[in-house]
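Hello,

I am handing over a structure that is new to you, with some notes on what turned up in it. Please have a look at it first and then read on.

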Amino acid sequence: MKDSDVIVLEEPKLSLTDQFYLPQVLVGLGTTMKHMFNVVVRGKDRVVQYPEEKREGLPVEKGGLLLRTYRGVHRLNKDEEGRVKCVACFMCSTACPASCIHIEAAESPWPDREKYPAKFDIDELRCIYCGMCEEACPVDAIELTHLYDIIGLTRQEMIFDKTKLLEIFDQTVKEEPM
Amino acid sequence: MPKITVDGKLIECKDRQVVLQACLDAGHPLPYYCYHPGLSIPASCRICLVEVEGIPKLVPSCQTVVRDGMVVHSRSPKAVANQKLVMEYLLINHPLDCPICDQAGECTLQDYSYQYGRSQSRFEEDKAKKPKKDVGDKILLYSDRCIMCTRCVRFTREISGTGELYVDGRGYREEIDIFPGKPCNNKLAGNVVDLCPVGALLDKDFLFKQRVWLLTRTESISPVDSGGENIYLEHNEGIVYRIKPRENPQVNQWWISDDTRYSYKVLTEAKRLKKAMVLRSGGAAEAEADAAVAAAVARLRALAAESPGCLYAVLSPMMACEEAFLLASAIRAIDSQAVLVLGPVPTSGKDEVFKNPITGQQTFVIKAEKVPNAAGVRRVLALLGGRAATWDDLAAAARPEVKNLKGGWIVGGYHSNWISGEIPAIIKSGFKVVQDLLPTPLGAAADVLLPAAAWAEKDGCWENYAGQIQPFEAAVPPPEGVMRDGQIYLSLLDRRGQYNAQLVRREMGEPFASVQATSRLVQSPATEFVPL
């Protein structure tokens, strides 16, 4: 590195009004008042009152949420017979950049299928909701739903197992068919 | 030495070598399925066909012997057209169930489809469905994935000499099968799974356990007999999932026995010792490993001070040479007259010899000596000299050296119960530190019992029956609470630092000093896309 590459920054000099502080406090208060006027009197720039009010109800140009493209919590799809569609190929866990999918494969109990996941855990806290798992899946078994309001009181609760992920399928299949 | 030109590259070959092998040796990839350097050459898969100048038709490179000045084209339009056709033909009835196939990731059908194939299928008719068959206690055959390279059939005919597998039918009905009631259960049967270039023959033991791309390979040596078969331990996140053969023309060629293949099971054996135990009044109590070692050393020192020459160390033929050397030096440091004893060397009678029934040539030997390092421990004993004995001497208590023994350090580490019959009286009456992998009657009677690390959990070297000293490396960590044996011996010698097998070997001098572990991780080269 050369000396010419180094940029030396000087502390900016305070003007007289800056040095008195009070005028600057009033300027700041002015900004607050301007926004209060906009919200209370003109009815603009309003904050969404979550959870009473939700963004998906609003038009997108007014800050609404487009659920169609939203990537929320995962679900495991079921086939026509209600069995888990996943074939435990490990593609999702291999593609996962956050390593949050843990699968244990086993021989399937059904005659027409070879392999199925005996265990399928997703750590929803570790997940970054990138959707790579969805893209990697060769049988469209894993999908991201539009559910975003998942809660849990412990970290353990937020590791969703196969049963929970299949439950989410039942919960969301009407609104979001496969 | 004939020289040939392949795709404009000059390649030096050995006499009577085939073109394919010459290219592979020179690092010039050619596709092949049915060819295997250890088996006969049927030239049946046809994907290795190349153009040779002066011959109007394509010739199979796996069967064509090199001739000086030969000019070969493997990427000419004619050769490439053949590669694409063969790939398309092989994939006509292939189920394309890669997501659930255990071979995915190490499947040459996948690799070549990517490198030489076309991305779309023109076959619109229904694919022929063939059954899944149980061809042996350890082997499953998925007939519809099979590409009929017949490597497995040739293996059972030429290497194991048992001939269980055969080709049934002709044309699209062709299938690999076994004769009724004659499953493929010979002692080398697992090799057919390794030979299968696709996912047709699979190991029941590994079925669905892991995807192969998650596994890491570590070079190791077989622990089950004195043959010293070279293996890869394939593991992920501290668990060994399978063992695969490592090619070594001087030792095991391309094959391993099934005993070696499934020897990793001892690592996760439920009965394995994991806690150090110290005998106190009122029975054995669990202790921390380092506290147990300290207690053992204090007692041994006291005994040695009382009557010099009353200590012994039983060096198990399961130990690495470095460990045997360190323990022997440690016990001699406590008592310079200590007796070094070679542990029991179990044998199964006679070597099992496999022959090619046609040529009568010997193809593989499973050694009768069921421990990997009896020769190495003997060499260490000779290196150190001084008073030495064998386990039988201890048991008989006949020789003067073993008459007045009062305390000792006994290493087991065998993969099964190694105490046959009674515990020798001289051991039973004295103070004994026992270091072992599995619980034995001797361990139950020990004053201090230390859990041992298995071979896959430590570095070292073993000498096989033929005097070849081969290094192996730690693939997985030992179970929690288990100290690596070498580390314990270093603490006995009051030496600081981590146990480093290479440094100990240097200290031991030749022939050990020149033994070099090649690398910690062996990555197979990524397959490259061949531009057309």
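A residue is called buried here if 20 or more other C-beta atoms lie within 10 Å of its own, exposed if 12 or fewer do, and partly exposed in between, with C-beta atoms placed from the backbone. By that count, 20% of the 178 residues of chain A are buried.

A word on the source: this is a predicted model, in which local features need pLDDT of at least 70 and side-chain atom pairs count only at pLDDT 80 or more, while totals for chains, interfaces and linings use all residues. Residues are numbered from 1 along each chain as its sequence is written, and chains are lettered from A and ligands numbered from 1 in the order in which they are written.

Chain A has five helices and five strands (DSSP runs numbered from the N terminus, helices being H or I with at least four residues and strands E with at least two). Along the sequence they come in the order α-α-β-α-β-β-α-β-β-α. Chain A is more spread out than a compact globule, because its radius of gyration (taken over C-alpha atoms) is 26 Å, well over the 16 Å from the globule rule of 2.2 Å times the number of residues to the power 0.38. Along the principal axes, its C-alpha atoms fill a box of roughly 85 × 55 × 30 Å.

Where do the two chains meet? Five residues of chain B are in contact with 12 residues of chain A (C-beta atoms, placed from the backbone, within 7 Å). On the chain B side, four of these are nonpolar, none polar and one charged. Here Ala, Val, Leu, Ile, Met, Phe, Trp, Tyr, Cys and Pro count as nonpolar, Asp, Glu, Lys and Arg as charged, and the others, Gly among them, as polar.

Chain B is assigned domain 1 (3-90), domain 2 (99-111 + 122-210) and domain 3 (276-508), with bounds from an automatic or database domain assignment. The C-alpha centres of domains 1 and 2 of chain B lie 25 Å apart, and 10 residues of domain 1 are in contact with 12 of domain 2.

Finally, have a look at helix H14 (residues 501-508) of chain B, whose buried residues are Ala501(B), Val504(B), Arg505(B) and Met508(B). They line one face of the helix, because they fall within an arc of 100 degrees seen down the axis of H14(B) (the arc of the directions from the helix axis to the C-beta atoms). They pack against helix H8 (321-334), helix H9 (374-384) and strand S24 (460-463) of chain B. Just after H14(B), Gly509(B) has a positive phi of about 80 degrees.

Best wishes

Terms used. Two residues are in contact if their C-beta atoms, placed from the backbone, lie within 7 Å.
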